[in-house]
Amino acid sequence: IGAGAGAMLTLHTEAGLDPMHTVISEYAFQAAGWLLPLSLTSFAAGAALIAEALRRSGADRWVVALLAVWGVSMFLVGAFPTDAPGLPLSMSGAIHRYAAFVAFLVMPLAGLLLARARIRYAGWVRTLSVVALTALVMVVIPYAVRMFGVPLTNEEFPAGLIQRTVVVTELGVLALAGLSMLRPPVRRAGAPVLA
C-alpha cells in the first residue's frame, strides 16, 4: 500500500494537473503515466495479501471475497487504460470504468462488515467506509446526469476531488484491515507505562 501510494503521489507531483477536476485515470497520458498501473498493481497486491491474511485468521468469507474482488478490480483498472478525453468509449475504457466502479463499491462493503465484526479500529473503518460510499454516490452523479442528455464536464464538477476522496478512504480501510491483524505490544508485568 505504501509503495502504491508513493507511486501515485510521485505521478501527481510530476504531472502537474489540476487534482480538483482531473480524474486519476487521465494521469496515464502524462510522461510519468507508467506510474499509474504500477501504483494500482501495488494496491492490488496489498489487497491480495491482506485478504489472505484475513482468511487465515478466520475472518468472514464475505470480507475476504470482497477484498479479493477489490484487488482484482484494481489490477484491471491498471491493466486496461481509460480512453483519452474526447474519444468514444473503447473496450479497454469500458473495462477500466466498470472495474473501477466495482472496486469503489466493494471496499466500503468490506469495511462495514469488518466494523460489524468489531475488529480493532472498527470505528475508523466504519467512518471511512461511510465517507467512501457517500463520495461514490457523488462520483456517479455526473454519469447519471450525462445519461439524461445534460452536458456536464469535469470542470463544472469537482470530479477529481470526489474520486480522490473515494480512493483515499478505501485505501484507509484496506490499511486498517491489515493493521487490525497485528498483535498489540505486550507489556511485561510491572513494566512502567510511558506517557
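**Helix α2**

I started with Arg 55 and Glu 52, which both sit in helix α2 (residues 35–56), three residues apart, about one turn of the helix. Helices here are DSSP runs of H or I with at least four residues, numbered from the N terminus. The model is a predicted one, where local features need pLDDT of at least 70 and side-chain atom pairs count only at pLDDT 80 or more, while totals for chains, interfaces and linings use all residues. Residues are numbered from 1 along each chain as its sequence is written, and side-chain values use heavy atoms, with hydrogens and water left out.

I then looked up the salt bridges (a side-chain nitrogen of Lys or Arg within 4 Å of a carboxyl oxygen of Asp or Glu). The structure holds two. In one, the closest N and O atoms of Arg 55 and Glu 52 are 2.7 Å apart. In the other, Glu 52 pairs with Arg 56, with 2.8 Å between the closest N and O atoms. Glu 52 and Arg 56 are four residues apart in helix α2, so about one helical turn separates them.

Next came accessibility: buried means under 20% relative accessible area, exposed over 50%, and partly exposed in between (1.4 Å probe, protein chains only). Glu 52 is partly exposed at 28%, Arg 55 is partly exposed at 48%, and Arg 56 is exposed at 67%.

**His 96**

I moved on to His 96, in helix α4 (residues 91–116). Its relative accessibility is 5%, so His 96 counts as buried. Leaving aside residues up to four places away in sequence, His 96 touches Ser 25, Val 77, Phe 80, Pro 81 and Thr 82; contact means heavy atoms within 4.5 Å. I also found a polar atom of the His 96 side chain 2.9 Å from the backbone oxygen of Phe 80.

**The nonpolar patch**

Last, I checked the surface and found a nonpolar patch of Val 69, Phe 101, Val 102, Leu 105, Leu 109, Leu 112, Val 130 and Val 140, with about 540 Å² of accessible area together. Patch residues have over 30% relative accessible area and no salt bridge; nonpolar side chains (Val, Leu, Ile, Met, Phe, Trp, Tyr) are joined within 5 Å, like charges within 9 Å. The areas come from the Shrake-Rupley method with a 1.4 Å probe, and for residues only the protein chains shown count as cover. Helix α4 gives the most to the patch, with five residues. I looked at Val 130 too, in helix α5; Val 130 is partly exposed, at 43%.

Note on methods. Helices (H or I, at least four residues) and strands (E, at least two) are DSSP runs, numbered from the N terminus. A polar contact is a pair of N or O atoms within 3.5 Å; within protein, one must be able to donate a hydrogen and the other to accept it, and residues adjacent in sequence count only if both atoms are side-chain atoms.
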